Amino acid sequence: MWTPVGRGRWHGRALTVWATSAAHRGRLEPRLTPSRGAAAKSRTADRLYSSADRKEKIDMSRFSVENIRNFSIIAHVDHGKSTLADRLLELTGTIDKTKNNKQVLDKLQVERERGITVKAQTASLFYNCEGKQYLLNLIDTPGHVDFSYEVSRSLSACQGVLLVVDANEIDLKNADPARVEKQIEKVFDIPSDECIKISAKLGTNVERVLQAVIERIPPPKVHRKNPLKALVFDSTFDQYRGVIANVALFDGVVSKGDKIISAHTKKTYEVNEVGVLNPNEQPTHKLYAGQVGYLIAGMKDVTEAQIGDTLYLPKQPVEPLPGFKSAKPMVFAGMYPIDQSEYNNLKSAVEKLTINDSSVTVHRDSSLALGAGWRLGFLGLLHMEVFNQRLEQEYNASVILTTPTVPYKAVLSSAKLIKEYREKEITIINPAQFPDKSKVTEYLEPVILGTIITPDEYTGKVMMLCQARRAVQKNMMYIDQNRVMLKYLFPLNEIVVDFYDSLKSLSSGYASFDYEDAGYQTADLVKMDILLNGNLVEELVTIVHKDKAHTVGKAICERLKDSLPRQLFEIAIQAAIGSKIIARETVKAYRKNVLAKCYGGDITRKMKLLKRQAEGKKKLRKIGNIEVPKDAFIKVLRTQPDK
Amino acid sequence: MALPGTRARGWAAAAKIAQRRRHAEGARGSSSRAPPSSRAALYVHWPYCEKRCSYCNFNKYVPCGVDEAAMRSCLVTEAQTLLRLSGVRRVESVFFGGGTPSLASPSTVAAVLEAVDQAAHLPADSEVTLEANPTSPSGARLAAFGAAGVNRLSIGLQSLDDTELQLLGRTHSARDALQTLAEARRLFPGRVSVDLMLGLPAQQVGPWLGQLRMLLGRCDDHLSLYQLTLERGTALFTQVQRGTLPAPDPELAAEMYQEGRAVLREAGFRQYEVSNFARNGALSTHNWTYWQCGQYLGIGPGAHGRFVPQGAGGHTREARIQTLEPDNWMKEVMLFGHGTRRRVPLGQLELLEEVLAMGLRTDVGITHQHWQQFEPQLSLWDVFGASQEVKALLAQGLLLLDHRGLRCSWEGLAVLDSLLLTLLPRLQEAWQQRTPSPVQGG
């Protein structure tokens, strides 16, 4: 993912680093230490220094502005960014080397399970170079296209980035640094002699990265003497301590006991704690201009720590830093508690999660069948899945999610509807509110400009996939002897669910994908209902392009058939547009479901099993008299066939 | 400890009388003269086998040598102890299961029966069943079991196809099975049961029905049809997991079951339970006790029991399980007189749940009278009469609730486990909403 570079407010420098993938895959290979000698010595010194230092609060005044570097690591998903971060943390003695460090900065369970970074993390590294003590603030960022908002926020606190390029897109094949060098020159205008070749897995050349960070990334242009100007670039919520705001100091000093004002809310707070993150919170006496750290100031309400907000001292107001452009949700889905009695618990869980992930938009919503809930906006499908998984893992909440939809628009022709909505063009984020064709001049769908880079042997397959997704080719160029860059205009709904996975699988993982917003286009859209024995399944109402209705309807019915358990009666699964049935599948009734042998020794076991099943049955969603397990619909949504 | 010949002969002769009486009593269960708490069935577990079958996950062991004298003495001791604890005065059936109990000596069987008769009363017409594999017993040996007091045989025939028998890891052939069956019928006329399995990997409906028809020409008055359950930890389960064997097809198994029941019905068999069929009134009274939630004692390694330990002053029915591993079980029996490892008191609701789940396995289901014995306050009508979900099952013709009681229809019996997922929560709900009954004295 290259696009975040230069997209935000950042205007610093990029360093390029490439890694061989064999060196950073999560396999259990022996981890070699780099050659001993000078490097090892300085590392030891670092560790002694920093561990001695940690006994008491760190005096941050020792790090003058010229000895501070704030940087991020930018890389495509799965190119080894988190592994490089682990090595940098080890090398500077921030974390103990003897431990089996894997994705130290990925704190969330979902991050470790999926091997992805979702939430940006900050770590302050203390590093000794040529007799000078440096403070290097590393901000680890997510790599997936869904999370570019997190990236742009992190970059605003940096003066430079490390661009990590995997010299071998997938492991086990030959790394090809020469070709990657050429590509980087061609795509980014970064001369090949500025690249450092490293292996994060083995630790080879990682020390040179730190030296390059010091040499090539400029220190922040800030002044300690000026009044405090601190940017809130991230925040987390702690159940016991309230809001923990991650801040980058553009000017001035902040210390415990200071009164500060939020430029956004104009509220005054008292700073209870300041510190650096390495990567856990480490209290310090103060934070100085150019430094990155955290502060806790009694912000209790989730809306108080606006990301992009500027903090200053009461008697010294400053010009607030320009706020962030808020993230634009691409995918919307309804979320409802499985049991309405869980509504309040779920509400508080959603609130707590959204303060840590302000890119999720929340609207209250309700439906006849599903009760009270919300319509949530996500940056992409992975983002939606991660959010759902975090709700389950971190808040033990169980929810019903509806089919994701993109924000369609309709130009209304019905005067009555125009009056009702008070505008002619409306945005539809809930398929249930899709207006009938008779009341509409035209429908519009969001489109994006997608960029695919692929080895040319896959070009044919990639083009077929794009065509099947109603995409229109805009550009095609060779970026080197055997790599092609394709640009397509895609309807957004064609890529939100599974396009990325399909692209990866047909190109053996080699093709990459990125996209940017490209407005709206007119489209022949219809609303498709899914019925179970004639009962509407609200979760599965879908807006589809007319040409695709049959294929999509058939696929949904087939997959529902596989995920619905048999019941005591036959189930007809139908896809319908209006009153017209366009696809049908049948789940046959149970013919036999009874334990064969039930004698003296079997009774206890059988009763236990029956009671467990009866308990599970209470959690099923009932549609008419059909019992549907919670994961049935999610299974239907997850895997779309690609032919 | 040899059994006096007269008593053994007496039992053999009593078998005939017992059978005649069962005809008359049908499914109403056995003698109602004595109060239920003083009566029980007795299960005896013989834990050893010659060889492990590929589908079996029962508590069984393939030993190098069995110290049968010690085993016999421990079974006798445990029977005496548990009979004393239970306060049971009349044992109405005994079932020797396993493992392969036909590998035990007839004298061991005789010793247990003698001990039971001495500690409590074992009426001459009590049903005494022995599970037998078609390989182990010769005709002479079967006769010796008869002399020891066994009056009913259950033969684990399983299949009449040699390839299937091999797949199941059985040591006998179809020929052995039919020979053993013929021998057993000669010795225990009208008192022989055979097991036939269905739903094996790769098994087809037509050939299986062929086996059933062939068996119908040779069998006695009792037959059990068991669908194969793939149990974790068995060789068959592993093979299917690895893909070396095809997974059994549930659709085909369902078809075999339905066709099989129909064939047996035409042949004059009454399906008196999900898997059990009898003609000429040859129901197993021992198994009937399980489904009617009567009391039963279990002796031997891993045996289960359910009874009120009245002899020890108890008033609550308990679910009991004996120590699984034979050597440990024996040590405990020698030390404490019994090898009971776990005792779980059953609450009133739990007992009613079992009455419901077990009773509906039978063709008579749960009669109002039977229910009332366990729950005098809350009738079947009170519990199920008003429920919309139950009404839907009645309307679908899967369940019947009428003046006789609650039972499955022919179609409903095959999907009982699904029906119970509606009925059990309904019972729990009704139980929680019941008006508390006046405090009972004593």
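1. How much area is buried between chain B and chain A, and what percentage of it do carbon and sulfur atoms give? In this predicted model, the area buried between the two chains is about 3300 Å², and carbon and sulfur atoms give 56% of it. On the chain B side, B:Glu251, B:Asp417 and B:Leu421 supply 18% of the area that this chain buries against chain A, more than any other three residues.

2. In terms of contacts, 41 residues of chain B are in contact with 28 residues of chain A.

3. As for polar interactions, the rule finds 20 residue pairs in polar contact across the interface, both residues being at pLDDT 80 or more, and it also finds six salt bridges there. B:Asp417, named above for its share of the buried area, meets the side chain of A:Lys606 in a salt bridge, with an N to O distance of 2.6 Å.

4. Several elements of chain B each supply at least two residues of the side that touches chain A, among them β6 (222-227), α9 (250-266), α12 (348-359) and α17 (416-433). The largest share, ten residues, comes from α17(B). By class, this side of chain B has 20 nonpolar, eleven polar and ten charged residues.

5. Within chain A, A:Arg470 lies in the loop between α10 (459-468) and β24 (472-480), and its side chain makes a polar contact with that of A:Glu445 at 2.9 Å. Leaving aside neighbours within four places in sequence, A:Arg470 is in contact with residues including A:Leu489, A:Pro491, A:His545 and A:Lys548.

Note on methods. Residues are numbered from 1 along each chain as its sequence is written. Chains are lettered from A and ligands numbered from 1 in the order in which they are written. This is a predicted model: local features need pLDDT of at least 70, side-chain atom pairs count only at pLDDT 80 or more; totals for chains, interfaces and linings use all residues. Side-chain values use heavy atoms; hydrogens and water are left out. Contact means heavy atoms within 4.5 Å. Buried area is the accessible area (1.4 Å probe) that two parts lose on being put together, summed over both. A salt bridge is a side-chain nitrogen of Lys or Arg within 4 Å of a carboxyl oxygen of Asp or Glu. A polar contact is a pair of N or O atoms within 3.5 Å; within protein, one must be able to donate a hydrogen and the other to accept it, and residues adjacent in sequence count only if both atoms are side-chain atoms. Helices (H or I, at least four residues) and strands (E, at least two) are DSSP runs, numbered from the N terminus. Ala, Val, Leu, Ile, Met, Phe, Trp, Tyr, Cys and Pro count as nonpolar, Asp, Glu, Lys and Arg as charged, and the others, Gly among them, as polar.
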